[in-house]
Amino acid sequence: MKKLAILMVVVLSGCSSIQLVENWKSPDIVIFDANKVLVVGMTQKMGAREEFETKMTKEFTKRGIGAMRSLDIFDVEFTSSEKSEQEIDAVEDLLIERDFDAILFTKVTGYESKKTFRKKISEVDGIYGRFRDDYLEHQDIYYKDDYYEEFMVYHAETALYCICVGKERQLIWRGTIDITDPQDIKKAIDDYIKLIVLALKEQDIIFRKDAKNEITGL
């Protein structure tokens, strides 16, 4: 997959910084609209997950786009243990039956240094063509207690997957974000969501560049 132009945005949140370092869209897509989106936040911190999914869902609904939190779809038992490829396929089928046509999937991973972080981005570029594969690769974020130990710079990825009826289930867009020293989690989540919306607008995906209703305070 060939990268599009990279959008660089830095948001200061107290002593932390949030930087969008990659803004990729499938070369097969010019404009992508969605009618109903599932918002998935993959992290062990339930408070942060709820905060992100709730606020991100509101960004869709205030623009007239149907959205639902994964908290309302995935129960505690589902995310507490490893799932198989068949089980994730079944989840996608269920979402299609419920008229979802897209999944916005955000996961948080940590790295000891920016040097390791940059290398990791180049290594994984283009691997996850479907939500199922991305989920299966990173699902231990939910239940491995030592996942985030000893990391100083956090790396987050948000990907948008199409699960439209009659179309290939594929990756539409991906943004990668570097979060340094996130002391105020709620403020960091607000800034993170602003970057996602700006990036999607930049790529004419769901949120359009010519839309009249700009982002207001979250």
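1. A pocket, as the word is used here, is an open set of grid points where a 1.4 Å probe fits, with protein on both sides within 12 Å along at least five of seven lines. The largest pocket in this predicted model has a volume of about 430 Å³.

2. The lining of the largest pocket is made up of 19 residues. Nearest the centre of the pocket are Ala48, Val108, Ile179, Ile185 and Ile189. By class, the lining divides into 14 nonpolar, three polar and two charged residues.

3. Which elements each supply at least two residues of that lining? They are the strands β3 (36-42), β5 (102-111) and β6 (153-162), together with the helices α1 (46-61) and α6 (185-202). The most comes from α6, which gives four residues.

4. Two of these elements, α1 and α6, also pack against each other. Two packed helices are described by the angle between their axes and the distance between the axes. For α1 and α6 the angle is about 35° and the axes are 10 Å apart; the crossing is right-handed.

5. On the α1 side, the residues in contact are Ala48, Glu51, Phe52, Lys55, Met56 and Glu59. They meet Ile185, Lys186, Ile189, Asp190, Tyr192, Ile193, Ile196 and Val197 of α6. Nine residues of this contact are nonpolar and five are charged, with no polar ones. Ala48, Ile185 and Ile189 are part of this contact and are also among the residues nearest the pocket centre.

6. The average pLDDT of the protein is 80, and 77% of the residues score at least 70.

7. The pLDDT is below 50 over residues 1-9, a stretch with 26 contacts in the model beyond near neighbours in sequence. Residues 114-122 also have pLDDT below 50, with 16 such contacts. Where pLDDT is low, the predicted coordinates should not be read in detail.

Technical notes
Residues are numbered from 1 along each chain as its sequence is written. This is a predicted model: local features need pLDDT of at least 70, side-chain atom pairs count only at pLDDT 80 or more; totals for chains, interfaces and linings use all residues. Side-chain values use heavy atoms; hydrogens and water are left out. On a 1 Å grid over the protein atoms alone, a cavity is a set of points where a 1.4 Å probe fits but cannot get out, and a pocket is an open set with protein on both sides within 12 Å along at least five of seven lines; lining residues have an atom within 4 Å of a point. Grid points are joined across faces, edges and corners, and a volume is the space filled by probe spheres set on the points. Ala, Val, Leu, Ile, Met, Phe, Trp, Tyr, Cys and Pro count as nonpolar, Asp, Glu, Lys and Arg as charged, and the others, Gly among them, as polar. pLDDT is the predictor's confidence in each residue, from 0 to 100. Contact means heavy atoms within 4.5 Å. Axes are lines fitted to C-alpha atoms, for helices over the stretch in contact, and angles run from 0 to 180 degrees between N-to-C directions. A crossing is left-handed if the near helix is turned anticlockwise from the far one by less than a right angle, and right-handed if clockwise.
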